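I opened the model to go through strand pairing, backbone angles and ring contacts. My notes follow.

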Amino acid sequence: MNDKEDTKSTSFSRKLSEILERIRKEQTDGISELKDLSKDYPDVPEILGHLAWALAHKQRYEEAINIYRKFQKMQPEDFEVQWRIADRLINLGRLEEALEEYQKVFNEHSKCIDARIGIQYAKYLLRKKNKNMEGNTPIARKFSPRQEENKILNKREFQENRLKLKSLPSQLYLESTTKCNYYCQTCIKGYVPYYAEDLHQDIFDKVHREIMPAVCRISITGFGEPTMASRFDDILEMALRNGSHVHFVTNASLLNFERIEQFTRASVDIQISIDGASRETFEEIRAGSSFQQICERLAMIKKLRDIYLSDFYSRFSFNFVAIRKNIHELPSVVELAHRFGITDVSVSDYAFGYREFDEQSLRYDPQKANHFIQKASQLADSLGVKLHLPPPYESTPPPLPGSALWQKLKKISRVFPTPKRFPRRCHSPWMEPYIKTNGVV
């Protein structure tokens, strides 16, 4: 590449990046800007891909398909374009045509996950009685005046340190269930007694009636797998109906096309627990799980997010509990996230539970921990995945379980006895109460 071509390429990249950034900030739909850029750079098919995506976001699916066809002529070997055409045919409700397009790709590229899941989804839709695709169009979250006013008042009363409040909490943790179908080594469930129960009906009714009209964000995760709750769909619908931003952590084992459809059309923040990138490690730590099953669920999530273009609405991320037996797979977890369109990976430090398994804490192997965290960080930067990490591990480990000092710490139940040791006041009592299944706050 000569200097002139290099300058032209740099100019194109800068212009395209600026347009895409404005689209992300919802300052423009990008359609006219991308069309103009395509005129300036008619030989660059990349622009057509972004233009087709922008048209589809405005539900101009026929135009998007025409742009993809043009892209296809320029890059006939790029089979991704063909399954993206099938995605848009799904949007139009032309399911038989979509199935045919997916099948063509799969016949030539049998390892294409998008084509395989696309075939499954198209067949699922064809089996459904209601084939109206409009119900799956993403909807923007909009708070009511009461929610907006309460949020402002709630924040002000916290800042003023009020002990009697006129506001209701703007955020809420609602424990949907304590039941779980996994037996994870890092979870305290396997070491202490607990009751497996769903959110009581009277508590659900009371929350629905008295608190939800003012809530802006609700987390429906508790001491269990939320999708196992008998009233999970009711709780989710209650939260979405008033425009609340919904969060929960899931092992993803019970997700299906119907539920994932719900998650692609509203403001949801879903964290998927991933504690390994190989079958051996994953299934050892998360006993009762199937790594192959989880990868299938991730493929389904990616496919439906591609079809319903829910990037601006639903947010899926990974949560990785880091211990000595899985930290070496953190770079591979980042690769797994990138493969399935997951943009964020949060790494959690294993919480001590005063038991023998605490020896798995990375605090007892800081050199190994920091090495693989650095390696994962470099990979995440190159792949565009956001990696959220705990502080670097110190070279001096804590006392081992069973030692005299450990027993003393366990007895007093705290490591830092100094009062007022936190830099900021805790806002939870004002803004985000935790309501358990039995109504205890």
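I started at Ser 317, which stands opposite Asp 344 in strand 8. I take helices (H or I, at least four residues) and strands (E, at least two) as DSSP runs, numbered from the N terminus. Two strands count as paired if DSSP finds at least two bridges between them. I then followed the chain from strand 7 through helix 14 (residues 330-339) to strand 8; this β-α-β crossover is right-handed. The term means that, with the strands pointing away from the viewer, the path from the first strand over the helix to the second runs clockwise. Strand 8 also pairs with strand 9 (residues 386-388), again in the parallel sense, over three bridges. There, Val 345 has Leu 387 as its bridge partner.

A note on the source: this is a predicted model, where local features need pLDDT of at least 70, side-chain atom pairs count only at pLDDT 80 or more, and totals for chains, interfaces and linings use all residues. Residues are numbered from 1 along each chain as its sequence is written, and side-chain values use heavy atoms, leaving out hydrogens and water.

Next I checked phi. Gln 59 is not a glycine, yet its phi is positive, near 60 degrees. I found Gln 59 in the loop between helix 3 (45-57) and helix 4 (61-74). Gln 59 is partly exposed at 46% relative accessible area. My cut-offs are buried under 20%, exposed over 50% and partly exposed in between (1.4 Å probe, protein chains only). Asn 161 also has a positive phi, about 60 degrees. Asn 161 lies in the loop between helix 8 (145-159) and strand 1 (171-174).

Then the rings. I count Phe, Tyr and Trp (its six-membered ring) as paired if their centres lie within 6.5 Å; planes under 30 degrees apart are stacked, over 60 edge-to-face, the rest tilted. That gives 10 aromatic pairs. Why is the pair of Tyr 121 and Tyr 124 stacked? Their centres are 5.8 Å apart and their planes at 20 degrees, so the pair is stacked. Both tyrosines are buried. Phe 282 and Phe 291 form a tilted pair, 5.4 Å centre to centre with 55 degrees between the planes. Ring pairs also link Tyr 121, Tyr 124, Phe 257 and Tyr 308 into a cluster.

Last, charges over rings (NZ of Lys or CZ of Arg within 6 Å of the ring centre and within 35 degrees of the ring normal). The charged end of Arg 231 sits over Phe 204, 4.3 Å from the ring centre. Arg 425 lies over the face of Trp 430, at 4.9 Å.
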